[in-house]
Each structure stands twice: as structure tokens, then as C-alpha cells.
Amino acid sequence: MSDRLTPRERFGLLVIDEPQDRIPIFPLITSHAAAVADMKLRDYYTDGRSLARAQLRAQEVYGHDFISIFSEVGLIAEALGSRFEYPENDLPVLRAPLLSSAAEHARLEPVNPMTAGRYSVYCAAADYCYDAIGDRVPILAYVPAPFTTALHLVPGEDFLVELTTEPEAAQRLLERITEATIEFLLELLNHCALPVLVDPLASGSVISPRLYRQFALPHERRLIDFLHRYDLDIILHICGDTAPMLDILPETNADLVSLDRVDMVAARDRLGTRLRLIGNYDTTSILLSPPDRIEREVRAMVATCRNNPKGYVAATGCEVPVRTPRENVKAFIRGATTGA
Amino acid sequence: MVYQDPSPRRIAFSEWSEQFRQVPDELIQRFRYFADSGNQPWATYLFPPLTFALYGSRHLKRLKFDNSLAALRMWGFVMNETERLFRARQIGRRVVATMGDLGVTPPLVLGAGNALPFYPDCIWWLPFMNESSVLLDAAARAGIGESACYSRAALGAFIKRSYFPDPALCIAATGASCDDFSAVEQLVESLGFPVFWLEMPLRKDCEGNENLGTVHKQGQSPIFRKDCTDYGHSVREFITAQFRSLHQHLQQVLEAPLGVSDLQASLRKVNHVRSLVRQIKLQAYSAPAAVLPALELMVIEFGNLHFYSDVDEWTSILDHVLRTVSQRAAARRYLGPADALRVIWVTPPADPLLLSYAEDQGLRIVGSEYLINQALPELPVDDDPVRALAESLLQASLIGSTRYRAERVAEQVRQYQAEGIVISGILGGSHCALETNLLQDYLTKELDLPVLSFDVPSPGSLIQGQLKTRIEAFVEVLRERRRTADGGHE
């Protein structure tokens with residue numbers, strides 16, 4: 001791509017409501033970067049330099065607009081005490097949640113973000129990428145929101161039941177996780193990575209809008225408000241079907257929302273004057289469809305969304321699958337570029 | 001709302017992040033730019049260095065900062081300027097690029113209430129602050145490469161159109177000044193931006209002429225003397241005519257009247273700023289030890305150029321800084337040791353890390369000649385304001401002899417008992433190549449002081465080892481001279 005602006009300059013204009021030379025392009029290239037760099041996944045998520053080098057390689061190959069420091073959403077839960085296994089060529093797997101129920105929330109103890117779990121891997125990766133290309137490309141690091149972390153600290157199904165049977169204990173646990181997450185966020189800020197708040201398990205595919213508003217949203221908002229103290233523009237990503245909760249999303253105070261399985265026309269009509277939209281090419285399609293079809297569909301998506309009043313970022317709905325063919329991602333980039 | 005400044009200290013990036021946690025939300029919400037445009041949510045600016053580092057200002061991770069709330073305000077306000085300029089256009093203000101004259105034309109622009117002047121020239125810091133070649137590369141592709149000074153970054157910014165909104169007008173001063181920047185201005189015009197050319201004449205500096213008198217009140221401009229020859233008269237008439245023409249043109253472009261009372265009101269605001277800066281510098285340079293770091297002092301001095309795009313809020317910040325340094329001086333609470341070595345810094349260092357490093361090594365800046373002498377003195381308000389502005393241009397650092405600059409330095413050496421002089425040359429700056437040696441020769445002979453001169457290398461994350469060694473050696477020379485002067489005791 002021969003552009004007038006660097007990705008950082010482009011993002012800088014987007015967040016102050018100014019037109020850009022083209023819309024930013026943001027396939028959510030996370031662990032897929034390991035495949036691009038021909039790297040074992042375990043190396044990617046256990047070593048900051050490896051994670052960074054994979055991300056830089058992917059950015060070099062595709063020329064997309066953001067670096068994404070991320071592997072999976074158990075990061076904070078692991079740092080707080082849940083046990084994970086690290087398969088050689090797969091993402092970490094939760095083996096033993098720290099707590100058996102939300103009622104055990106008092107067992108959560110303050111931890112040092114830089115010595116707990118793999119958080120230091122993220123920070124090291126952020127440092128490396130920032131030093132390498134931080135003047136030109138925004139460095140994003142995805143941080144799981146409290147609701148998603150809770151589902152990695154307590155057996156997931158049990159916690160979902162407790163939302164109804166033990167709502168006070170669930171809230172208490174979420175509050176403690178929120179406080180811990182603030183410490184992690186602060187550490188990340190000092191490493192110059194812009195946090196992206198991800199709450200995949202607060203999706204409409206998992207909980208109702210009522211439960212979302214009661215248990216997920218307040219904690220998302222508290223983190224976002226905390227980050228707004230630093231004047232940061234915060235992306236909130238929620239996986240799956242968020243159609244039922246579209247109208248609630250502005251209450252999170254997020255600046256940009258990354259949407260997955262939602263009709264973007266509806267999203268634009270209902271949110272477009274209040275939020276910058278990011279989305280939402282189907283990740284199954286980017287994995288399996290032929291490149292020419294991907295390019296065509298992405299171009300159509302961009303044509304639909306590009307005039308969103310508060311701005312738009314052409315993205316995949318969720319993470320690009322690890323084994324997605326490179327040609328497919330390149331087709332996405334071409335479609336987004338020409339559509340823009 | 002309780003927030004108290006901690007004991008004065010220069011602190012690193014991460015320390016500000018930690019300290020910022022104690023800053024109440026109410027304070028963040030209280031300080032806003034464009035206060036007259038309503039309670040806009042985007043108008044806050046009290047944020048720590050990490051905010052701006054996250055958006056690409058990588059050098060902030062390496063600098064040291066004053067730990068006062070006033071300094072935090074100052075940094076947040078200065079670093080926020082790009083956004084402020086775009087917001088200005090969004091709320092209907094007319095943004096005018098003033099270029100090359102460094103501080104003289106903005107008061108004229110400010111007189112038109114809805115207009116806002118800014119200096120693209122100041123973009124020259126960005127390659128250093130961002131540790132980035134992005135803007136220099138863009139300038140190189142447009143035809144100006146390493147043979148010109150870092151001010152070429154401004155051309156890159158014009159090409160990018162993402163560092164400031166397209167100006168309603170560019171006022172381009174040229175002539176007896178920086179030829180590198182004149183080339184930048186020509187290329188800006190070639191990009192299609194509307195340019196009004198302002199010719200700066202050569203000043204004939206008269207020395208030893210008993211007819212020469214000071215222009216302004218004592219203490220404001222001790223060196224400049226009116227040239228009362230026929231040449232001097234014609235120069236003053238020429239530049240005044242230039243300014244009258246600019247005055248007319250501005251009214252047409254901005255579609256706003258720019259009457260004498262408007263200009264006088266503008267000059268009063270500008271004088272208030274200049275007065276505050278003068279007082280801050282006086283406090284800082286006269287105190288027994290440092291009450292404000294050199295970096296903050298330089299940023300404050302450069303605020304005289306265009307007030308970082310909001311003169312009212314900048315004035316409030318300067319008030320805050322002055323209160324802070326006055327309280328420190330009164331309480332004898334200092335930032336650095338009393339035995340720091342007192343030096344004058346000549347030519348802005350381009351790389352702000354040099355000032356932090358110099359202070360780390362035990363130097364204390366007690367005077368400066370940052371090439372903006374024309375932006376420092378207060379202006380006569382009650383006379384013809386256009387003529388007053390025009391004549392103030394004749395005090396410009398760069399449009400006369402090197403001796404003029406040297407005498408300004410010498411004056412400060414005597415006033416603040418400086419023990420040495422640092423001259424930082426700008427790589428590619430043609431005037432630096434010529435002037436540095438002349439300045440060094442003059443100052444060494446006249447003052448018998450050690451002078452360290454060097455060219456600031458290209459933007460990067462570190463100070464080159466060789467340069468560090470030279471600064472350290474310079475510090476050792478100054479220490480040895482002080483020991484000798486004290487009869488072997490320091």
C-alpha cells in the first residue's frame with residue numbers, strides 16, 4: 001500500500017473526528033502472526049520477543065494498521081492464580097480455575113503484574129514492538145474484561161449459574177477482578193501499549209442483555225473510565241452476537257466498539273453517531289473462502305460502513321484464525337483498501 | 001479536592017504515571033483549553049507523559065520532568081496541540097500558519113478574534129520527540145533532504161495534512177533569515193497552500209555609536225540598538241509597509257475587521273505572556289539553585305511564539321508555573337544541588353534529551369539564546385500597533401550580525417554569573433555552520449569562559465557516546481575551574 005499517512009497518523013485523525021487518507025484496516029491478527037512467522041504457538045505466547053517478532057513480521061507481510069499483542073483471554077486469570085497448560089502448537093488451555101465458586105472471592109490476592117503469570121510476556125512484547133515501529137504503528141494489547149476473567153477463575157458453568165443464585169458474591173468477585181485489572185492496565189500503559197478491552201464471554205451468545213448490563217457492563221465501564229483519566233481512546237471488543245445489546249453499548253463509554261456477528265447496517269444506524277465502529281468480516285469466511293470472494297465481500301462491507309458518522313475501521317469480526325491462508329488475509333487487505 | 005505538590009524533583013516517565021494516580025478527577029476536568037467554546041468533552045489536557053507516549057511521542061520515556069502540577073499542566077497542554085488545532089477548525093476558527101518570523105506575526109493574527117496562529121516551524125521537534133524519521137522522509141521525498149536543518153520536518157507535516165488542519169493562510173517570512181526554512185516555505189506554496197510572503201530585511205547592528213539608544217525599557221532588550229542611519233530608517237519603513245500590507249491581507253482572508261483597538265487588546269495579552277515568561281526566567285536563573293528544570297524553561301520560552309494555540313489558557317498555565325517557582329524559591333526548596341554549574345545554552349538543542357542529560361551531569365541552565373530574541377520583549381501598546389510589531393521584528397536573532405547574538409549571551413553571562421557556555425548546532429542548519437565558530441571565538445575571548453559546541457545528531461533514542469563524553473569532559477573542566485578559583489576547595 002502506498003499511503004500518505006502512517007497507521008499512527010491515520011488512527012490519530014480517526015479519534016479526533018477528522019477524515020483520513022483511507023479508513024484504517026484491522027484484521028484482528030493475533031496468534032495468526034505465529035503462523036506467519038512460522039513459529040510454534042507456545043513460543044509465541046510464552047516469550048515476549050517471539051510474540052513481538054511474529055507481530056512485526058505479520059505487519060510487514062500484510063501492512064495492516066495495528067499491532068495486536070494478544071494470545072488468549074485467560075491472561076489475567078492465570079496471573080491471579082488459575083492454572084493453564086501450554087500445548088506446543090495450540091493456545092493455552094485452562095486446567096484448574098483458582099476458585100470453586102464466586103463466594104471464594106476473598107482468596108484473590110494482590111499480585112505484581114510483572115511477576116504473575118505471563119503478563120510480563122505481553123509487556124516485553126509491547127516494549128519490543130514500540131521500540132521497533134511505535135512511531136508509525138499503534139501498539140494494541142488486548143486485556144480481558146472482568147466478566148471474561150471471572151469465567152476463567154471459577155468453573156464457567158458454575159459462575160453463570162451463580163449470576164442468578166449468588167449475585168452478590170458474583171459482583172464482589174467482579175469488583176476484585178476489576179481492581180486487579182486496573183493494576184495490570186497501569187503496567188501496560190507504562191509499556192506504551194494501548195489497551196483493547198475484550199469481553200468475549202459477555203457476548204449475547206452467552207448471556208442475556210439483562211445479565212450483561214448487570215454484571216459485565218459496570219466493570220467494563222469502570223475500566224474504561226479509569227483509562228479515560230489518561231485520555232486514551234478505548235476499543236471494546238465483544239465476540240459473537242451482540243445484536244440484542246447494541247443499544248446498551250454506549251453506556252460502556254467505549255470510544256470504539258469492535259463487533260462480531262452483528263448486522264453492521266443496524267449497528268451503524270443505532271450507534272453510528274455515538275461510536276466509532278470496527279468490524280466485522282466473518283472469520284469463518286476469511287479462513288475458508290477463496291481470496292477473490294473475500295476481496296469482493298470486504299469491499300462491499302467497507303462500502304456499507306465507510307460513511308459511519310463517527311468513523312469506521314475495516315476489521316474482521318474476531319481473531320483471524322491461526323491457520324488462515326496468507327492469500328486470504330491479503331485479499332481482505334486488498335478489499336478494504338480498494339473499498340476505502 | 002486535595003492535591004499537593006510533592007517536594008520538587010525531576011522525575012522520570014514512570015514516576016509521573018504513578019504520581020498521576022493521586023491527581024483527582026476534578027482537577028483533570030477543571031483545566032480545559034478553548035474555555036470560551038463551551039464545556040467540550042475533548043478540551044481537557046491534564047494528562048501525564050504516558051498518554052502522549054502511547055500516541056507515539058517515544059522520547060517522553062527517556063526525559064525527566066518537573067514533578068509539579070503546574071509542569072504537568074504545561075506538558076499536557078503543549079503535547080495536546082495537534083488535537084487542539086484540529087478542534088479549533090472544527091468549532092469554526094480560522095487557523096493561520098505563521099512561519100519563519102518566530103513570534104512576531106501571531107499578535108497580528110490574534111487580533112482577529114476568530115483566528116488562531118501557529119508555527120509549523122515548531123514541528124522540527126517532532127522527529128526527536130517521536131524518535132522518528134517519518135516527517136524527514138516525507139520532506140526528503142518532496143525535495144529537501146539532509147542538507148537542510150530539521151525545520152524541514154514542517155514540510156513533511158504539510159504533506160501529511162495530519163499534524164495541523166489546512167491553514168486559511170500561511171504567512172511566510174523570508175529574507176535575511178534561515179535559508180533552509182525559506183526553501184521549506186517555497187515548497188509549501190508549491191503544494192497549493194495560500195502564502196503571503198513577508199520580506200525580512202537585514203538588520204545593520206550598530207556598535208559604539210553614541211546616537212544609539214535602547215528600544216524598550218531597561219531589562220527587556222539590553223542589546224538591541226536602533227540603527228539611526230538612513231539605512232536603519234529605510235529598513236524600519238520597509239518592514240512597517242510589509243506589515244501594513246499583511247494587516248490588509250489578513251482582514252480580507254479572515255473576513256474580519258482588525259482595528260487598532262483589536263490589535264492593542266491582542267498586544268496586551270501577548271505582553272502579559274511575555275511578562276510572565278520574563279518573571280519565570282528571572283526567578284529560575286536568579287535563585288541559588290534550580291527551581292525549574294531547563295527543559296520546562298525552554299518549553300515556556302518557546303511558548304512566546306504562538307502560545308501553543310490558546311493564549312488565554314497558556315497565560316493561566318504560566319501564572320501557575322510562576323506561583324510554583326516563586327513558592328519554591330521562597331521556601332528554598334530546590335530541584336537540584338546548590339553547586340550545579342551555571343551555563344548559558346545557545347541555540348535550541350533540537351533534541352530535548354540533551355537538556356535532561358546536561359542536568360543529570362550537574363549543569364544548570366541560567367540563560368539562553370534560542371534564536372527567538374524577537375519574541376521576548378514586551379511591546380509598546382499605545383502607539384501604532386502595526387508599526388510596533390514590525391519594528392519588533394528588527395530584534396530577530398537571525399537577521400543581523402553574529403555579534404548581536406554573542407552580546408546577548410555575554411549580557412546573560414554577566415547577569416547570572418555563568419561559568420560556561422554550551423552552543424548546540426543544528427545539523428544541516430547553514431547559519432549554525434557559520435555562526436558557531438564565530439560565537440565560540442567571540443565568547444571565549446571576551447569572557448574567558450569554557451565553551452562547548454557540537455552539532456546535534458539525527459533523531460534517535462540515545463545521545464551518542466561521543467557527545468556524552470564531551471559533555472562530561474566539559475563538566476569536569478568547569479568543576480576544575482571552580483576548584484581553582486576557590487583556591488583548591490569546592
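What radius of gyration would a compact globule of 490 residues have, and what does chain B have? Select chain B of this predicted model to begin: a compact globule with 490 residues would have a radius of gyration near 23 Å, and chain B has 22 Å, which agrees. With the C-alpha trace displayed and turned along its principal axes, chain B spans about 65 × 60 × 45 Å. Switching to a cartoon brings up 19 helices and ten strands in chain B, and colouring by burial marks 53% of its 490 residues as buried. Among the contacts in chain B with a separation of 6 or more, 74% are accounted for by residues 24 or more positions apart.

Staying in chain B, select helix 11 (residues 230–254) together with helix 16 (residues 385–393), which pack at an angle of about 125° with their axes 8 Å apart. That angle makes helix 11 of chain B oblique to helix 16 of chain B. Show side chains to see where the contact is made: the residues from helix 11 of chain B include Arg236(B), Phe243(B) and His247(B), and those from helix 16 of chain B include Val386(B), Leu389(B) and Leu393(B). The crossing of these two helices of chain B is right-handed.

Next, move to the largest nonpolar core, which has 281 residues and in which Ile69(A), Ala126(A), Ile139(A) and Ala141(A) have the most contacts. Helix 6 (residues 119–133) of chain A gives the largest share of this core, eleven residues. Finally, centre on Ile139(A), whose contacts beyond four places in sequence include Ile67(A), Ile69(A), Ala126(A), Tyr130(A), Cys192(A) and Leu194(A).

Methods: Residues numbered from 1 in each chain as written. Chains lettered and ligands numbered in written order. Predicted model: local features only at pLDDT ≥ 70, side-chain atom pairs only at ≥ 80, totals over all residues. Helix = DSSP H or I, 4+ residues; strand = E, 2+ residues; numbered from the N terminus. Rg over C-alpha atoms; globule rule 2.2 N^0.38 Å. Buried ≥ 20, exposed ≤ 12 C-beta atoms within 10 Å, placed from the backbone. Contact = placed C-beta atoms within 7 Å. Core = buried A, V, L, I, M, F, W, Y, C linked by C-beta atoms within 7 Å. Axes fitted to C-alpha atoms, helices over the stretch in contact; angles between N-to-C directions. Parallel < 35°, antiparallel > 145°, perpendicular 65-115°, else oblique. Left-handed = near helix turned anticlockwise from the far one by under 90°.
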